[in-house]
Number of protein chains: 2
Amino acid sequence: MVKYKIFFSPEKKEIITDGKTNLYQIATDAGIYITSGCAGEGNCGRCKVIVRQGKYRTQPSRFISEKEKKEGYLLACQTYPESDLEILIPPGSGLKKWTLIKDGVYTAEELIWRGNYLKWEFSPLAKKIYLELPAPTLTDHLSDFERLVRELKSRKDLHLRDPGIKITLPKLQKLAQFLRENQWKLTLTLADNGEIIDYEPGDMTAGSYGLALDIGTTTVALSLIDLNKNEVLGAKATYNQQMSFGDDVISRIIYAENETGGLEKLNRVVRETVNWLISELVKEKGIENKDILALEVAGNTTMNHLFLSLPPGYIRKEPYLPTANFLPDLKGKEIGINIHSEGIVSFCPNVSSYIGGDVTAGILASGMDEKGEISLLIDLGTNGEMVLGNKDFLISAACSAGPAFEGVGIKSGIRAMEGAVENIQISADGKKVKYTTIGNKPPAGICGSGLVDAVAELFKDGFLDRKGKFILESSSLIRESEEGKEFLLVPGKETVNKKDIVLSEADISTLIRSKGAIYLGASVLLEEMGYQFSDLKKIYLAGMFGTYLDIEKAIIIGLLPDLPRTFVQDNNATYEMSEQKLPEFSQTKVRGLAREKFVFLGNSAISGAKLCLLYGEARNKVREIAKKTTYLELSVNPKFMNEYSATLFLPHTNIDLFPSVKKLLNI
Amino acid sequence: MVKYKIFFSPEKKEIITDGKTNLYQIATDAGIYITSGCAGEGNCGRCKVIVRQGKYRTQPSRFISEKEKKEGYLLACQTYPESDLEILIPPGSGLKKWTLIKDGVYTAEELIWRGNYLKWEFSPLAKKIYLELPAPTLTDHLSDFERLVRELKSRKDLHLRDPGIKITLPKLQKLAQFLRENQWKLTLTLADNGEIIDYEPGDMTAGSYGLALDIGTTTVALSLIDLNKNEVLGAKATYNQQMSFGDDVISRIIYAENETGGLEKLNRVVRETVNWLISELVKEKGIENKDILALEVAGNTTMNHLFLSLPPGYIRKEPYLPTANFLPDLKGKEIGINIHSEGIVSFCPNVSSYIGGDVTAGILASGMDEKGEISLLIDLGTNGEMVLGNKDFLISAACSAGPAFEGVGIKSGIRAMEGAVENIQISADGKKVKYTTIGNKPPAGICGSGLVDAVAELFKDGFLDRKGKFILESSSLIRESEEGKEFLLVPGKETVNKKDIVLSEADISTLIRSKGAIYLGASVLLEEMGYQFSDLKKIYLAGMFGTYLDIEKAIIIGLLPDLPRTFVQDNNATYEMSEQKLPEFSQTKVRGLAREKFVFLGNSAISGAKLCLLYGEARNKVREIAKKTTYLELSVNPKFMNEYSATLFLPHTNIDLFPSVKKLLNI
């Protein structure tokens, strides 16, 4: 058998291979992560690498420009070694294995809109309880286990979901000796399903922690909570390492289905991702893994499947079924997560294949399910999910928004990290661009919210037409590239990697398709229930993209509906204003006050998971929510099919749907 | 290190040892079973072996007669090799490893006195259910697991104890593929606690079996039941192989506590015993182990502990506590029993350290817990257990009856097997003995019921005084031996092993202590509740010994109370007779009719276990019974202590308590 040595930089890893495996496969098998939107199918152009030395065969690709070709760029997934090779993975293609990111990190209590949770009794998913059992006598001769149970039942603060106390055989085998050696004084760790997680000598209640976990397609976020103090101790987030196997759930599902060991690999890397976050939190806070008693998970349906090695294939095949929506309680050791080996792992339930536990957790955090008023929740992640309803009904739909909102699949796109261009202003002559970046760092690329900002600015100021095409001659910054027209936002001399940051017509087209799907999805849900946008009292924006979003700009491009502004007077009374009566347009005033029907939930998945970790009432509610929420399949909905093309305009074919934009444009 | 080879016959096994281990230990470690009442403490004299060749050191023992000494007999547990040895284990000391025995085998429906169980809805502990799920569509898009659950919930015949359907992660992982490969047609195996045991393609409901298991200290009995037909297919019993480690629960507990690996060894041999019975039944009926879905266990508290490797030490130490009375549901694989690996194992609950699941099962089978009339249940096994009560109360007590009732610890004693002398008549001149044996086989020894019979006959006919001492000169068959006086029942020329079958004064004394404890225990229970024997409407006799027992003889020796006879007239009316009015004493008539208050339950432990295996109602009842039954500790009861000596007479110090015996003896 032929054997080649492949040397990867910057990882400095040498891999021996047989010449039959492509570079993408070789790298990911070895734990070297190369970004990929299509998981090695050659369809996304994201796994670009540079061959420094050696022979190879490769397929030509439309994703490699002439310039890049000369520099040695090729698609890793289309390239096979024919000698020893030296490969450089450029910054844009590598996924830095373990980086903490700001996205998804939210610990603030105030992000939970369901205010009345404050009235709920504190009753965490698992807790440590210190017990001093009365020593047995001839007249009080209950057995050891029943003695323990009697003491537990006498406690008023247990709040068990399941009243039966359950013990495993190994724990029962050691109980008698343990109780006597420790003079009947012990700390019992009990899950709310009645299972005894552990017992320890004396009072060990001090170290008692839980985790709320949001497994997103792109981002995995984790909060560590002190279960004694009901207090968030810390939070971390990082990229889901599954990113190497596709940007969106569909490409991950295909990878899990079609690659040998694909599901196992996806499962392994998400477990590694979560365990890494745990290890970072544990290190930082100086706690022990065994003192983490409970983990509440809010993931989308596919992520939940991959987290549990449930085959996800049927999620993407009509009629789109998950294996389960209500997932069983599990133990840390059963799923290979480094909490207490018997610690409880519980899941916010899914509603359907495309409405997952992250959405039910979001509904829970918003409180929309117990209000009389009609509201809409929009979760703008890699997938777009929408829920319409109130205390009487909840109806949901999902559509693939694509990863554009996360800055992915965009020519100069990056995620919402430091150095991401987030705010843009263009001079009236179209010659100068002012921008700000996240953290005021030198610009590295444009993130999702920056993209919305840029398109809104260009459109509002007349450099783009309503189809999203550049109006030639309107600005000297509009230019032709190999891949079509583009707008130069930041010249290479100002950027981190000395490459121009641009906005291409293809990028704009991608964004328009994304915003169109979201807007139309929401319209279909409303129509289905006989409502209009004007009936909405609130629009909850969930997901981290939502948090960075400028509402006004989102309305200008037609992503969000043009709900009437409100105006707060000095006496704090709120009035709904018609466009006619609206005071002079003021960016700051509008952002602060005028669009108050829009509510940012932040990472509502983790907020909901946190509620479930801490309150039995929340665990009941989230189950009720999942049962109550109906699901509308947009992909077979006639209105969705027929009206989609009408949304592919800025802001919409029917400009009258967007009165404030109409006014702004003076049409 | 010194090494000796020890060769054991008849097993023909050679063991290498170091000279520091005694012969009993060497044999039992190697799986060669030597009977022992004290588990190697030198206190019972049961582990006699013969050294054929070699040097050894041994302790002299009162259990070895001069004659035996000459023949090379010694106690294995007191003997250490000092060279290679050849050992013969004589038939009396060996425990034939695997023999099926008649004891404990009961399949008859009519032995269940709780008649109203016939009205209960058939609802076995586990069952196979054939399901044809509707294939999913875009409008019926429940997830796979919830689809399964919906179908199950629509079934009227489930009768689940726990309404939540539970599935393990490995089964959930395979579910989606399985359902589609099998066109949504499957056989689901479901335990009554809601756990999915298995799923199989198509309709596999045909093979669906359960086991009812009685783990006795001496005997282990198993019934195989067809869970589709509610029909006993077969039953087997054998000796509990733990017999090598002590006759009674106390010596087993001591062995488990004091010997290194003692608990593990006791656990292993009882599992081997049960698995062997299972393998015999499976072979005979041509079924597969995996089709055995459920096992219901009725064992005494110590046996339950040893079956689950729960340390039993605290059972025998004041205040006498088990680890648990209500044992958790377990799975076949968790306890190493060869049923379906996920098959449910459930336990009839214990009441206390000395009132176990065998007794609660017995109460269940008797139905005494739901009648208005007061009745008494006596379980005559190695331990004697008594329960007094009716639908309003149940009170229990236990006393160590010793193994005499099982023919153990008696000079010529054997268990109730073929060849056991069970019935004895002695000619008026005391010169001739007529006897019958079980199965009419050549006599091999005397069993427990034969012992009662012999003592009653000898006493009634004037060869024994009321203290249980032989009246010298009354019979030429009374003789002196090394160990004291004895009565020659069967001369060696008629017996299987050519040894005389005798009844010694020591044997009689042992029996008197046993019967005294039982009678007094029952008296104390009655007095505790303010009743007398005459208030009893029924005495249920449980245990296999009870089944062979001659009631009339048991009353003569004072084991059972002298309850008034009843007389059935031609018109089927029943009258209670005073002794004065009693018609001429007739052995047959009395056995058949006159002592009708006594009811033989047979192996009520297995009858109760069978009810629990088959009826949800029984599983509820047996739990209620265990909760309701109080326990009276006799070992600290003043009446029990003070009056014990008064019971050490035939039938009792106070002969007026036994009017029919008084009349019979013409006192």
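Two strands count as paired if DSSP finds at least two bridges between them. The exercises below use this on a predicted model.

**Exercise 1.** Describe the surroundings of strand 9 of chain A, including its hairpin with strand 10 of chain A.

*Solution.* 
1. Strand 9 of chain A covers residues 185-191, and six of its seven residues are buried.
2. On one pairing, strand 8 (residues 126-132) of chain A runs antiparallel to strand 9 of chain A, with seven bridges. Here Lys127(A) is opposite Leu190(A).
3. Strand 10 (residues 196-201) of chain A is also antiparallel to strand 9 of chain A, and five bridges join them. Thr189(A) has Asp198(A) as its bridge partner in strand 10 of chain A.
4. Four residues lie between the strands of the hairpin made by strands 9 and 10 of chain A, and Gly194(A) has a positive phi near 85 degrees there.

**Exercise 2.** Classify the crossing of helix 15 and helix 16 of chain A, and list the residues that meet.

*Solution.* 
1. The axes of helix 15 (residues 604-614) and helix 16 (residues 616-628) of chain A come within 5 Å, crossing at roughly 125 degrees.
2. Angles of 65 to 115 degrees count as roughly perpendicular and those over 145 as roughly antiparallel. Helix 15 and helix 16 of chain A are therefore oblique to each other.
3. From helix 15 of chain A come Gly608(A), Leu611(A) and Cys612(A); they meet Ala618(A), Arg619(A) and Val622(A) of helix 16 of chain A.
4. By class, the residues of this contact are four nonpolar, one polar and one charged.

**Exercise 3.** State what chain A brings to its contact with chain B.

*Solution.* 
1. In this contact, 36 residues of chain A touch 36 residues of chain B.
2. Helix 3 (144-153) and helix 4 (169-181) of chain A each supply at least two residues of the chain A side.
3. Helix 4 of chain A gives the most, with six residues.
4. The chain A side has 21 nonpolar, nine polar and six charged residues.

Definitions and conventions
Residues are numbered from 1 along each chain as its sequence is written. Chains are lettered from A and ligands numbered from 1 in the order in which they are written. This is a predicted model: local features need pLDDT of at least 70, side-chain atom pairs count only at pLDDT 80 or more; totals for chains, interfaces and linings use all residues. Axes are lines fitted to C-alpha atoms, for helices over the stretch in contact, and angles run from 0 to 180 degrees between N-to-C directions. Angles under 35 degrees count as roughly parallel, over 145 as roughly antiparallel, 65 to 115 as roughly perpendicular and the rest as oblique. Two residues are in contact if their C-beta atoms, placed from the backbone, lie within 7 Å. Ala, Val, Leu, Ile, Met, Phe, Trp, Tyr, Cys and Pro count as nonpolar, Asp, Glu, Lys and Arg as charged, and the others, Gly among them, as polar. A residue is buried if 20 or more other C-beta atoms lie within 10 Å of its own, exposed if 12 or fewer, and partly exposed in between; C-beta atoms are placed from the backbone.
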